[in-house]
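User: Hi! I'm new to this one and would like a friendly tour. Could you show it to me first?

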Amino acid sequence: MGSLTTAMLSVPRTRKAMVGIIGAFFIQGLLAVAWLPRIPEVIDHLNVPFSAWGAIVGIAGLGGLVPLLFANRLINRWGTRPLLQVSYLVAAASIASFGFIREPIIFFIALFIQNFGYGVFNIALNSHSVVFQNRIGKVILGRFHAAWSIGAASSSLLTGFFASFVSLDFYLLVVAAVSLAVCWFASTLMLSPSEDGHEQEKKRAESVPLFKTPSYVILLAVGLFCAVMPEATMMDWSAIFAKRIMHLSPALQGAPYTLFVVSMIASRLSIGKLSKRRHLSRVGQIAATMGAFAVSIAAVLGTLIGGVDPLLSLGVTTIFWILTGLAAGPQVPSYFSMAGSVDTMTTAQAMSRMSLMNSLFILAVKVVMGGIAQGIGVPFVFVVSVVTFTGASIISGIVVKRLKSSAAQAEKEAATADQSVDAFPVTSPLAIVSESEIE
């Protein structure tokens with residue numbers, strides 16, 4: 001098994017696997033966002049206040065936390081592809097049920113199960129993509145996360161378009177069925193269990209108890225939380241902000257998120273080029289600083305102008321939603337890329353540990369955000385984005401300093417091996433094809 005995982009991939013196999021991974025990220029983003037622009041409708045169906053809604057989405061996040069305790073073991077035993085197929089089926093079936101539910105407790109259970117499925121799927125897919133990135137020896141994770149964003153943007157546009165004349169239950173049922181078929185096909189193109197390197201990584205890993213998690217992994221976990229939160233805030237609250245504060249029509253309530261995610265796509269597609277000039281964490285640091293200013297201005301102007309003229313409010317804030325998306329683009333890819341650089345842990349193990357702590361933070365913060373929206377006002381939930389953007393900037397700066405010496409050594413070794421000096425520091429990179437061959 002080990003010899004198979006270390007063998008060089010052919011150029012056609014590399015391209016095929018890349019198409020499969022991109023397809024999986026795309027369809028995950030499409031399904032995950034399919035119901036988000038219609039959250040106001042879901043809240044109306046459930047007839048719950050914002051505080052209860054915040055508690056539902058926050059506590060249901062435990063569903064995504066549970067798999068992080070054992071997903072890496074499943075990957076070590078079965079590989080990533082089988083887990084992708086089964087976990088997506090669970091997530092798709094759950095989302096398909098959202099439009100039919102009218103009881104808060106039943107919705108909570110369905111959302112919990114959906115988060116559970118996506119929890120396994122996220123670890124398997126991101127582990128798969130980081131290992132693939134390591135195998136080809138270049139920074140391409142931004143492309144995969146851009147594919148997720150493209151799927152999310154497409155879903156936001158489609159959901160907004162159909163909102164006025166297609167019922168939520170029928171729409172989610174169709175989207176779930178189609179996305180499940182696409183995901184299954186995409187997974188067949190990806191690396192098989194004999195190719196994804198899980199056996200090779202399992203041999204180099206050490207058993208690291210939860211309470212002895214390396215401080216570096218804890219730092220990355222906090223950074224990942226700060227990276228995820230601005231994006232999560234837009235997903236959970238932008239449609240509510242657009243409806244309740246900016247007073248936009250149902251067809252336009254997904255506009256702020258669409259602007260955000262489209263610009264995030266452009267940002268993530270630029271990561272490869274940007275990381276050739278600056279370390280990816282440095283790119284994230286600069287972008288996060290910009291994001292903190294952009295999202296605060298968008299929330300303030302949207303609040304001040306929304307009550308006067310909704311369309312003017314959207315027009316004035318457009319540039320700031322775009323800047324927020326550009327800033328969010330590099331954040332998650334930079335921290336996920338680093339999961340492949342922890343010496344004593346497999347990629348899946350490090351990523352699971354990071355995601356476990358990240359999910360705990362998000363669980364608590366989402367509940368608090370519901371209370372903020374209910375007790376103070378919806379615009380104030382975006383203070384969380386300002387704070388976490390700032391945190392991401394600070395932690396990225398710490399990561400850059402920590403990796404400075406090791407990056408210099410990696411550049412020296414890469415130059416000796418006639419590899420790109422801009423490759424992100426990863427575990428066991430194997431250069432197999434040139435950039436021109438796989439683009």
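**Helix packing and a cavity**

Analyst: Happy to! The crossing of α2 and α10 is left-handed, meaning that the near helix is turned anticlockwise from the far one by less than a right angle. Helices here are DSSP runs (H or I, at least four residues), numbered from the N terminus. This is a predicted model, where local features need pLDDT of at least 70 and side-chain atom pairs count only at pLDDT 80 or more, while totals for chains, interfaces and linings use all residues. Residues are numbered from 1 along each chain as its sequence is written, and side-chain values use heavy atoms, with hydrogens and water left out.

User: At what angle do the axes of α2 and α10 cross?

Analyst: Roughly 160°, with the axes of α2 (residues 11-33) and α10 (residues 168-189) coming within 8 Å. That makes the two helices roughly antiparallel (an angle over 145 degrees). Axes are lines fitted to C-alpha atoms over the stretch in contact, and angles run from 0 to 180 degrees between N-to-C directions.

User: Which residues of α2 and α10 make the contact?

Analyst: Among them are Gly20, Gly23 and Ala24 of α2 and Ala176, Ser179 and Cys183 of α10. Contact means heavy atoms within 4.5 Å.

User: How do the residues of that contact divide into nonpolar, polar and charged?

Analyst: Twelve are nonpolar, three polar and two charged. Ala, Val, Leu, Ile, Met, Phe, Trp, Tyr, Cys and Pro count as nonpolar, Asp, Glu, Lys and Arg as charged, and the others, Gly among them, as polar.

User: And how far apart are the axes of α7 and α10?

Analyst: They are 9 Å apart, and α7 (residues 80-97) packs with α10 at an angle of about 175°. These two are therefore roughly antiparallel as well. Tyr88 and Leu89 of α7 and Leu180 and Trp184 of α10 are included in the contact.

User: New topic: how many cavities of 30 Å³ or more are there?

Analyst: Four. A cavity is a set of points on a 1 Å grid over the protein atoms alone where a 1.4 Å probe fits but cannot get out, and lining residues have an atom within 4 Å of a point.

User: What volume does the largest cavity have?

Analyst: About 1,000 Å³, volume being the space filled by probe spheres set on the points. Of its 38 lining residues, the closest to the centre are Asn115, Asn122, Val228, Met235 and Ile362.

User: Which helix gives the most to that lining?

Analyst: α8, with eight residues.

Notes
Parallel < 35°, antiparallel > 145°, perpendicular 65-115°, else oblique. 1 Å grid on protein atoms, 1.4 Å probe; cavity = no way out; pocket = protein on both sides within 12 Å on 5 of 7 lines; lining within 4 Å.
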